Amino acid sequence: MATAVIIGIIIVICIIAVISYVKKLAHGCCGAGGDSEKKIKAKSVDLSEYNYKYIAEISGMTCKNCSTRIENKFNKQDGIHAIVSHKDGKAEIYSVCETDEILIRQIIIGLGYTVNAIHKVNKAY
């Protein structure tokens, strides 16, 4: 009887794994629907217009869609422009006004990623 229960549990786990894998194939690694995430550009991409720069170290990004999703969220904000690299696990966030690091954390965490550190960089670009 115990063997039958164990086999049943293993079968259920296998079914869940197959369903999860099929979803991943259909929707991409992070649920992007299999298509590339459409980039949203900031109002200005001229970095000389921004007075502040922050570098956020991010965990959990696995593909280009992940980095684009984070960029888009920041680029929708007034006075902010972001450049994110999933390969480096970093986001460069440029802002016209000083930005609270808590807001940066909330945006990234709200998208399902982990913020390891945020560094404010003096304007030297």
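Begin by selecting strand 1 (residues 52-59) together with strand 4, which run antiparallel and are joined by seven bridges; strands here are DSSP runs of E with at least two residues, helices are runs of H or I with at least four residues, and both are numbered from the N terminus. Two strands count as paired if DSSP finds at least two bridges between them. Within this pair, pick A56 and then its bridge partner in strand 4, I118.

What you have open is a predicted model, in which local features need pLDDT of at least 70 and side-chain atom pairs count only at pLDDT 80 or more, whereas totals for chains, interfaces and linings use all residues. Residues are numbered from 1 along each chain as its sequence is written, and side-chain values use heavy atoms, with hydrogens and water left out.

Select K39 and E71, whose closest N and O atoms are 3.1 Å apart. This pair links distant parts of the chain, since K39 sits in the loop between helix 1 and strand 1 and E71 in helix 2 (residues 64-75), 32 residues apart. K39 is exposed, at 54% relative accessibility, while E71 is buried, at 8%; buried means under 20% relative accessible area, exposed over 50%, and partly exposed in between, with a 1.4 Å probe and protein chains only.

Then select D78 and K43, a salt bridge whose closest N and O atoms are 3.1 Å apart. D78 lies in the loop between helix 2 and strand 2 and K43 in the loop between helix 1 and strand 1, so the pair ties together parts 35 residues apart in sequence. Both D78 and K43 are exposed.

Move on to K120 and E98, which form a salt bridge with closest N and O atoms 2.6 Å apart. K120 lies in strand 4 and E98 in the loop between strand 3 (90-95) and helix 3, so the pair ties together parts 22 residues apart in sequence.

Finish at G110, in helix 3 (residues 101-110), which is exposed with a relative accessible area of 65%.

Conventions:
Salt bridge = Lys/Arg side-chain N within 4 Å of Asp/Glu carboxyl O.
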